[in-house]
Amino acid sequence: MGSSVETLEFQAETRQLLRLVIHSIYSNKDIFLRELISNASDALDKLRLESLTDSDLKVDTSDLHIALEIDKDARTLTVRDNGIGMTRDELVELIGTIAKSGTAGLLEKIKESKDAATAQSLIGQFGVGFYSAFMVADKVTLRTRRAGTDAGTQWESDGEGTYEIQGVDDLPTGTSVTLHLKPADSEDGLADYLSESKIRQIVKRYSDFIRWPIRMATERTDSEGNTTRSVDTLNSMKALWARPRSEVTEAEYKEFYQQISHDWLEPAETIHMRAEGTFEYEALLFIPSQAPFDLFSRETKRGVQLYVKRVFIMDDCEALMPNYLRFVKGVVDAHDLSLNVSREILQHDRQIRSVRRRLVKKVLGAIKDMQAKDTERYTKLWDQFGRALKEGLIEDTDNTQALLELVSAASTHDPEKTTTLREYVERMKDGQDAIYYLTGETRAMVENSPHMEAFAAKGYEVLILTDPIDEVWVEQVPEFDGHRLQSIAKGQVDLDESGDGDEGADSDKAQREQDFAALLPWLTTTLSEQVKEVRLSSRLTTSAACIVGDAHDMTPTLEKMYRAMGQQMPPVKRILELNPTHPLITALRSAHEANADDPALPEIAELVYGSALLAEGGDLPDPARFTRLLTERLTRAL
């Protein structure tokens, strides 16, 4: 005897998601069966694992399988498994609501998506494919009992906003999902899902590599009218990663990738490898062609699954892939691990660390090969995952050089195409010993920076780095191929000393220092709250002034980033550099020589500093004061 029926409401965001799934997202409704079979397979994996790790759990795992049952009279299709099952609380949490944060963000991403394929990918990545059942069913009935418990639960809904839940007795362990099917409608893309041939076709296409048998009772009528019934296994169950690469087709790789990643696009690269010896394992890894929407979310999980002798152990195995390669999808099947291995043990296991090192080298090597052989494909890959890969320059010192070979950045060499560091080095001018770069928020801001002027005038190429992560990794990496990385907004830059000077350069410089000997210390004192030094610049040609840092100073952008993360950073005073040939600076020098006590001079000094700060995209400490001083000076000039 079951308990009384309780009617509950879906969460508001779940209702929105249901409407999107049923009416908007999937153009191919066949995938509902792929999603339900995938959930059933997960349940079987979990029961197998618990039976091996929990000695108190007494269950029969000798015939774990998925059964598909067609009832043409009742117009139902049932997907049944004898897996782990669910308790009532687990059922409400996983099915009645979305038990993850960020639902509103998912809905917004779906609404912004430009095509159905992108939206399907987002749904799959979020793990709510169960709701796709309502595309083909007027009502869904789910019955389940968790292994090791006696109480069963029934959940039922028409997908319109509420669901009913009640306790039921005498259920077998596992879960059954019964779909009360809508009539076939070719115009709406609804096939006849009571057709055995249609079900076979869907299973073959989407679920052939599921490791558990998918069975279906079938009827066959011979030429004499005799009908026989049999139970057929519909899938091959052959673990794709266990087969030699020569025996696997590209179509099979694609299908397997789409199955494990819920991504409708083809992978950009497939890596199939096998290691033998003291620690045997097989790996089948995929580099996606498009970044997932949550690639930079804190809750993003890594995409490599761990199996031990084809027994599922865990999803998102962090020990197998570093965080900066979290976008890599795939399977690693280790032969010599214990089935009871935990995430904590894996983090410190010497053999797993060795596997991780080899996997990382394989992935980076595959991207390097793509860079060498197919520039267009590599450029697209870098556009999608370059920001994540650059995190490795901070996290993975063992592979710094390999990652530097992959770095692709905009530069002043070409207004549209990016360049690698290797290509930059090959184009360096004679006598140039540094790789010059400038960070900033946008390409336009960097290109128009005063710091660029002398480099542009003398034909020196400068890398344009606009990703926030660029501010960090350039500080961590001292050099590439024997050439130091140098910010053109830091330290002393004397391009004449880089091989482009003449015999009179030193004497001219000495003369300028003498001419400005009185002004520079006065400006340093006057602007002492804003800067630590005022000096003459060799990097300016048209601007009056610019602000630079010492060679090891933190950049203002990096300072802001740390403060945004809640870290209190002491303010860093920087250096004001003046263009000794600019009319404003020469006029300021003359005015100071004529009357150093002129009260207008400190205000002009503030305006020079503020203008330099604005030119690099900085924030004025007191915008109102700067505006007032500027207005007053302009008024006097008219």
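**Figure 1. T439 in strand 17 of the predicted model.** T439 belongs to strand 17, which runs over residues 434-439. The structure shown here and in the other views is a predicted model. T439 counts as buried because its relative accessibility is 18%, and the cut-off for buried is under 20%. The side chains of T439 and E471 are joined by a polar contact of 2.9 Å. Leaving aside residues up to four places away in sequence, T439 touches E471, D470, L465 and V446.

**Figure 2. The second largest pocket and its lining.** This pocket has a volume of about 850 Å³. Its lining is made up of 38 residues, and those closest to the centre of the pocket are P556, R574, L613, E616 and G618. At least two lining residues come from each of strand 17, helix 13 (443-447), helix 18 (556-564) and helix 20 (600-615). Helix 18 gives the most, with 5 residues. By residue type, the lining divides into 15 nonpolar, 12 charged and 11 polar residues. Empty space of this kind is found by rolling a probe the size of a water molecule over the atoms.

**Figure 3. R75 in the loop between strand 2 and strand 3.** Strand 2 covers residues 66-71 and strand 3 covers 76-81, with R75 in the loop between them. Most residues other than glycine have a negative phi. R75 is not a glycine, but its phi is positive, near 55°. R75 counts as partly exposed because its relative accessibility is 31%, and that class lies between the cut-offs of 20% and 50%.

**Figure 4. D170 in the loop between strand 6 and strand 7.** D170 is placed between strand 6 (162-168) and strand 7 (174-181). D170 is not a glycine either, and its phi is positive, at about 60°. With a relative accessible area of 76%, D170 is exposed, since exposed means over 50%.

**Figure 5. The whole protein, as a setting for the close-up views.** The secondary structure comes to 21 helices and 23 strands. Along the principal axes, the C-alpha trace spans about 115 × 55 × 50 Å. The radius of gyration is 33 Å, whereas a compact globule of 638 residues would have a value near 26 Å. Of the 638 residues, 50% count as buried. Among contacts with a separation of 6 or more, 72% are between residues 24 or more positions apart.

Key. Residues are numbered from 1 along each chain as its sequence is written. This is a predicted model: local features need pLDDT of at least 70, side-chain atom pairs count only at pLDDT 80 or more; totals for chains, interfaces and linings use all residues. Side-chain values use heavy atoms; hydrogens and water are left out. Helices (H or I, at least four residues) and strands (E, at least two) are DSSP runs, numbered from the N terminus. Buried means under 20% relative accessible area, exposed over 50%, partly exposed in between (1.4 Å probe, protein chains only). A polar contact is a pair of N or O atoms within 3.5 Å; within protein, one must be able to donate a hydrogen and the other to accept it, and residues adjacent in sequence count only if both atoms are side-chain atoms. Contact means heavy atoms within 4.5 Å. On a 1 Å grid over the protein atoms alone, a cavity is a set of points where a 1.4 Å probe fits but cannot get out, and a pocket is an open set with protein on both sides within 12 Å along at least five of seven lines; lining residues have an atom within 4 Å of a point. Grid points are joined across faces, edges and corners, and a volume is the space filled by probe spheres set on the points. Ala, Val, Leu, Ile, Met, Phe, Trp, Tyr, Cys and Pro count as nonpolar, Asp, Glu, Lys and Arg as charged, and the others, Gly among them, as polar. The radius of gyration is taken over C-alpha atoms; the globule rule is 2.2 Å times the number of residues to the power 0.38.
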